[in-house]
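Please have the sequence and the coordinates at hand while reading.

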Amino acid sequence: MSGSEELLALARRVAEQARPGEQVEAFVSRDRDTSVRVYEGEIEQLTSAQSEGIGVRVIRDGRIGFAYAGVLDDAVVAEVLAEARDNAGFGSSDPWAGLAEPDGVAVPALELWSDDLAAFAADDKVRLALDLERRTLGLDRRIRVEEASYSDVLAEAAVATSTGIAVHGRESGCYVVVSTLADDGDETHTGFGFSVGRSPADLDPDKAAREGAERATRLIGSTKPASGRVTVVLDPYVTAQFLSIIASTLNGESVLKGRSLFANRLGEQVAPSFVTLVDDPTNPLAYTASEVDGEGLASRRNLLIDGGVLRQFVHNSYSARRAGVHSTGSAVRGGFKSTPGVGCRAIQLAPGTRSQADLVRDVGDGVLVQQVLGLHSGVNPVSGDFSSGAAGLRITGGELGAPIREFTIASTLQRMLLDIREVGGDLDWLPMSAVGMSLVIEGISLSGS
Amino acid sequence: MLDRDLLTEVLGGALRHGGEFAEVYVEDKTSSSAHLDDGRVEQVTSGRDRGAGIRVVIGDTTGFAHTADLSLAGLRAAAEAASAAARGGGGGAKVVALTERRVTPVNVIETYPDTITKATKVALLQRADAAARAAGTAIAQVSAGYGDSRKRILVANSDGLFATDDQVRTMFRVTAVASGDTGMQTGYESIGHTIGFELFSRYDVEEVARAAATRALTKLKARPAPSGSLPVVIRAGSGGVLFHEACGHGLEADLVGKGASVYKGRVGEQVASPLVTLIDDGTMSTEWGAITIDDEGHPAQRNVLIRDGVLTDYMWDFLRARKDGRPQSGNGRRQSYQHLPMVRMTNTFVTNGTEDPSELIRDTPNGVYVAQLGGGSVNTATGDFVFGMTEAYLIENGEITEPLREGNLIGNGPQVLKDIDRLANDFAMGNPGTCGKDGQGVPVGDGQPTLRVKALTIGGTAA
């Protein structure tokens, strides 16, 4: 029996204990992680760990109880089921409460596991991290490396329910990342670069090193810009963060609970006609790709904005039942410690065709935003207010110009979508649930001096 | 949790291949939470986490492994994995006999939350929901959360340290959404202390709910925040995050040691306005960041970081203190047994000034009054920081006038510290917070009296 089959067997044993009138779901996971952090040519930290756990939901009379434990001993598992069952007595009754049920959508077969990664030796991991640090330092004498690291995860999980769900799967992923500092006189600037993959062969330490060095050094000599209204080009990493926020507004549960600025706007033009937004966890290139969602339903490609028109929200089985639609396979789970929420899992704009340099040339005068700071504090996905600290480069005469920092960019999410002028073709796969590419947005308020 | 003979054996195993220092951190945590949204108690949750993290240090290298298997075999396997980084590196430390270090608990728990029925906890949520909805007909949505946790920790290391702690925390939060002609606005309020269920004899959950609802309702009338540089007055207890971000992180010795802090090499220098005395104090009884011992077994202490504007010291953990040959400061913390400790803040605050807070507003002809700050972040290498205003007003002609929509404030830490030109005498602690660093979250507190910053950049959309 493979690791994930063994987890499924455990999940099934728990789900089968459902009593009459009860629904029971067990989610069981096991992760093996390694991370190596190097500093000045030596290993600073070498971590290897295995963690596992179980989360159990019990639904009775429309009431939900949940319990979890980071231990898979029989005694603890029995206690978790008993606690979840007891907790179900204290929730409010909800007519839509219920577990997912098999919906006939075939589970896609995705290549998300690498035996090479599973067999990758610790010494080679250390070597990769050291190599990344060395490469980065070799690119520019003004560069220091705050840390260079290699991390990987081998994840196995299973979900079983008393309603007939029984799935298991495994995924692997690894990445290298470098955090850089660039010094020039009294000034210090920071940057980072990374490369992600499913197996070590996918990693490109050279790309990570170049990006890490460039991001930090190009801010040297930066000044605070004057306030004004500008066109911005968002760097792929910044675009991915922006898309993650947009994704949170397209969450079917937020819509139902009156917490989304896009509620009641299905069918409306929310972006220019060349904008298409999909959530596609079946694309194996996406770091967050997965065969099934957090409730065990098949992953699927969901078209959210098509030709600039808002087409649908994402749903898990609960929000779908309540909205009178079908689950979009968008149950997201933050591990065994939480129940499945709703969310986009691998959101992406349909890419354009041109490079960032082309976009910059057409913008003429504006700002390339390379870093944002404080998105979690300055953006309200309910009201749509958007305000973020930023650093980047001026765009003058169609060329990248002087570096600028300590300014904010602000607008509203609604306006920003409508003000998209072009989507770049420079796709960047990042270790997050959104895909990066350059993005041009007009009419942004820049606050500086 | 585990006896000393077993721990001694595991520490010995961790040092079997070499190494200068080994440590076992054991955690057994139970938690319970309940969540209300959309008028329903959606879920009641119970959690259990138990495991051990083992580290081995040799020179500047740390090997780390963790396991949920607390049997001798499980701990031995983790010790073996942790020792891999030390292999062949020499060291050869021996385990010193473990001696218990007893520290008087900084928090006295009156009512352990596990003695309270789930029904009682759930009833708090329903009361908060009703109170928030009663605050105004424009309240469209309410969510509320209750959470408690009890974490028992044990730290033993090859230097002979053996220490334990029993940490109980209880919190409650409410978010309200108000809907009006201008769209939707949110308001948030929370309470949290390192105490048990007696939290609710100190605070009224209905008042917490009304505060959140009022905030959302007020913002319905808000206008876009200005854009550009203005004087900013920050209400007592709402701006500690400013200091946490603007300089606290930059005073963490791990970042200083790597040259990733603007405060490196500046001890003894005037780094802030002479009005500013900044303290980090893990012993501040019952506050959210209070701890009896840190996660390396060192007793929490009160550390003066800046006195009258002069930088006096950084915050230290075991590794950094050892490297610099100085004492630890009780700031070695970790999220759980699955994480390595690093330098973290506890309760970070600016001490009282002398002025009446109303004078600060009266003497500001044109500016912004911030009544609640949201989260923030900082780039410690440059000192540039950002934090969100979740409740703010215009100050016009020395008076607080119209409410403002949300926006970020940005500034540069060293500059802002110098730009604090007024400090009031109304010190208060703020909302409980979770500080994130390197992917680890730990509970922290912050506080400050009402104060004025000469100029901050406000990232609004108004011209």
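## Overall form of chain B

In this predicted model, residues 24 or more positions apart account for 75% of those contacts in chain B that have a separation of 6 or more. Of the 463 residues of chain B, 61% count as buried, and the secondary structure of the chain comes to 10 helices and 23 strands.

The C-alpha trace of chain B spans about 70 × 55 × 35 Å along its principal axes.

## Strand β8 of chain B

Strand β8 of chain B covers residues 227-234, and because six of its eight residues are buried, this strand is largely enclosed by the rest of the structure. Where buried is the term used, the criterion is that 20 or more other C-beta atoms lie within 10 Å of the residue's own.

Two pairings of β8(B) can be described. With strand β23 of chain B (residues 451-459), β8(B) pairs in the antiparallel sense over seven bridges, and within this pairing V232(B) stands opposite V453(B). With strand β15 of chain B (residues 366-378), β8(B) runs parallel and is joined by three bridges; here I234(B) has V370(B) as its bridge partner. As a general point, side chains in a regular strand alternate between the two faces of the sheet.

## Domains of chain A

Chain A is divided into domain 1, residues 3-217, and domain 2, residues 222-449, and the centres of these two domains, taken over C-alpha atoms, are separated by 23 Å. Contact between them involves 32 residues of domain 1 of chain A and 28 residues of domain 2 of chain A. On the domain 1 side, at least two residues each are supplied by β1 (22-39), β2 (42-60), β3 (63-69), β5 (166-184) and β6 (187-197) of chain A, with the largest share, five residues, coming from β5(A). By class, the residues of this side of domain 1 of chain A divide into 21 nonpolar, six polar and five charged.

## An open sheet in chain A

Chain A also holds an open sheet of four strands, in the order β10-β9-β8-β13, whose pairing is antiparallel. The edge strands are β10 (309-310) and β13 (347-349) of chain A, each of which pairs on one side only. Between strand β8 (residues 277-279) and strand β9 (residues 302-306) of chain A, which run antiparallel, there are three bridges, and D279(A) has N302(A) in β9(A) as its bridge partner.

## Contact between the chains

Across the interface, 67 residues of chain B are in contact with 62 residues of chain A. Strand β2 of chain B (residues 40-58) gives the largest share of the chain B side, 12 residues, and by class that side has 20 nonpolar, 34 polar and 13 charged residues.

Definitions and conventions. Residues are numbered from 1 along each chain as its sequence is written. Chains are lettered from A and ligands numbered from 1 in the order in which they are written. This is a predicted model: local features need pLDDT of at least 70, side-chain atom pairs count only at pLDDT 80 or more; totals for chains, interfaces and linings use all residues. A residue is buried if 20 or more other C-beta atoms lie within 10 Å of its own, exposed if 12 or fewer, and partly exposed in between; C-beta atoms are placed from the backbone. Two strands pair if DSSP finds at least two bridges between them. Domain bounds come from an automatic or database domain assignment. Two residues are in contact if their C-beta atoms, placed from the backbone, lie within 7 Å. Ala, Val, Leu, Ile, Met, Phe, Trp, Tyr, Cys and Pro count as nonpolar, Asp, Glu, Lys and Arg as charged, and the others, Gly among them, as polar.
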